[in-house]
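Good morning, and thank you for coming. I would like to speak briefly about aromatic rings.

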Amino acid sequence: MSKPVVYDFFATWCGPCRMQAPILEELGKKLGDKVEIKKIDVDEHRDLAEKYGISVVPTLIIEKDGKIIQRLEGVTDGATLEHVIEQLDQKDQQALPPNN
């Protein structure tokens, strides 16, 4: 099972995006290799913004095993993000067979 990926769709001119950035940096430090965070500038990657239907920045898309798990528009606090990712980790742990 792959680790969750948080796609941060942002724009350099976006004030709330600048508020989201340190929250994601802290989340990355706190969770380490449990999560991968990818920043996507919507002005530079219009194709991806269109593919994911981004109309508001910041928008966070959380994917796991190639499936969108959650979509969050606007600034999202670290506790909410951590909760979503920890829930995914717990589901993975429950899916593992017991050690013999």
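In this predicted model, there are two aromatic pairs. A pair of aromatic rings is described by the distance of the centres and the angle of the planes, and I shall give both values for each pair.

I begin with Tyr 7 and Tyr 52. Their ring centres are 5.8 Å apart and their planes meet at 35°, so this pair is tilted. Where do these two residues lie in the chain? Tyr 7 belongs to strand β1, residues 5-10, whereas Tyr 52 is found in the loop between α2 (46-51) and β3 (59-64). The pair therefore ties together parts that are 45 residues apart in sequence.

Are these residues buried or exposed? Tyr 7 has a relative accessible area of 14% and is buried. Tyr 52 also counts as buried, at 13% relative accessibility.

I turn now to Phe 9 and Tyr 52. Here the ring centres lie 5.4 Å apart and the planes are at 50°, so this pair is tilted. Phe 9 lies in strand β1 and Tyr 52 in the loop between α2 and β3, so the pair connects parts 43 residues apart in sequence. Both Phe 9 and Tyr 52 are buried.

Taken together, the ring pairs join Tyr 7, Phe 9 and Tyr 52 into a cluster.

Finally, I draw your attention to a contact involving a charge. Which ring does the charged end of Lys 39 sit over? That ring is the one of Phe 10, and the charged end of Lys 39 is 4.4 Å from its centre.

Notes. Residues are numbered from 1 along each chain as its sequence is written. This is a predicted model: local features need pLDDT of at least 70, side-chain atom pairs count only at pLDDT 80 or more; totals for chains, interfaces and linings use all residues. Side-chain values use heavy atoms; hydrogens and water are left out. Rings of Phe, Tyr and Trp (its six-membered ring) pair if their centres lie within 6.5 Å; planes under 30 degrees apart count as stacked, over 60 as edge-to-face and the rest as tilted. Helices (H or I, at least four residues) and strands (E, at least two) are DSSP runs, numbered from the N terminus. Buried means under 20% relative accessible area, exposed over 50%, partly exposed in between (1.4 Å probe, protein chains only). A charge sits over a ring if NZ of Lys or CZ of Arg is within 6 Å of the ring centre and within 35 degrees of the ring normal.
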